[in-house]
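The sequence and model come first.

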Amino acid sequence: LGPLRIMPINQLNLDQNPWTIKVSIRFKSEMRNFYNARGEGKVFSFDCIDEHKGEIRAIAFKQAAVKFFPLVKAGGVYIISKGQLKLADKVCADNNID
């Protein structure tokens, strides 16, 4: 294995996989329950910023939420990879992150 290839958030695109980013966590939500037509489970989100001031919101559902909620801390620095990229739903988003 070679060194990690960290990329800026602003260079991520929907067709790209794999990808790896290094971010600081600006905000972490509370864990909450969700119920919809596809099922139910736990969910939380966290807002990230990289050294280039690129921003992205990560959302963890179900087992991933249970696994990562106790590990992710506001102010912490993390290397994140292997997530699914989606455009933000501007109708539901409460921030200016794309």
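E55 is partly exposed, at a relative accessible area of 34%. The value comes from a predicted model, as do the others in this report.

**Salt bridges**

The side chain of E55 meets that of R26 in a salt bridge, with an N to O distance of 3.4 Å. R26 belongs to strand β1 and E55 to strand β4 (residues 55–61), so the pair ties together parts that are 29 residues apart in sequence. A search of the whole structure returns 2 salt bridges. Another pair is R57 with D47, where the closest N and O atoms are 2.6 Å apart. This pair links distant parts of the chain, with R57 in strand β4 and D47 in strand β3, 10 residues apart. Side chains of opposite charge can pair when their charged atoms come close.

| Salt bridge | N to O distance |
|---|---|
| R26 and E55 | 3.4 Å |
| R57 and D47 | 2.6 Å |

**The D47 site**

D47 sits in strand β3, which covers residues 39–49. Is D47 buried or exposed? D47 counts as buried because its relative accessibility is 12%, and buried means under 20%.

**Surface patch**

What residues form a nonpolar patch on the surface? The patch consists of L4, I6 and I79, which together have about 280 Å² of accessible area. I6 lies in the segment before β1 (20–28). With a relative accessibility of 37%, I6 counts as partly exposed.

**The chain as a whole**

The chain contains 1 helix and 5 strands. Their order along the sequence is β-β-β-β-α-β. Of the 98 residues in the chain, 29% are buried. The accessible surface of the chain is about 7,500 Å², and carbon and sulfur atoms account for 54% of that surface.

Contacts were also sorted by sequence separation. Among contacts between residues at least 6 apart in sequence, 51% join residues at least 24 apart.

Terms used. Residues are numbered from 1 along each chain as its sequence is written. This is a predicted model: local features need pLDDT of at least 70, side-chain atom pairs count only at pLDDT 80 or more; totals for chains, interfaces and linings use all residues. Side-chain values use heavy atoms; hydrogens and water are left out. Helices (H or I, at least four residues) and strands (E, at least two) are DSSP runs, numbered from the N terminus. Buried means under 20% relative accessible area, exposed over 50%, partly exposed in between (1.4 Å probe, protein chains only). Contact means heavy atoms within 4.5 Å. Accessible areas come from the Shrake-Rupley method with a 1.4 Å probe; for residues, only the protein chains shown count as cover. Patches are made of residues with over 30% relative accessible area and no salt bridge: like charges are joined within 9 Å, nonpolar side chains (Val, Leu, Ile, Met, Phe, Trp, Tyr) within 5 Å. A salt bridge is a side-chain nitrogen of Lys or Arg within 4 Å of a carboxyl oxygen of Asp or Glu.
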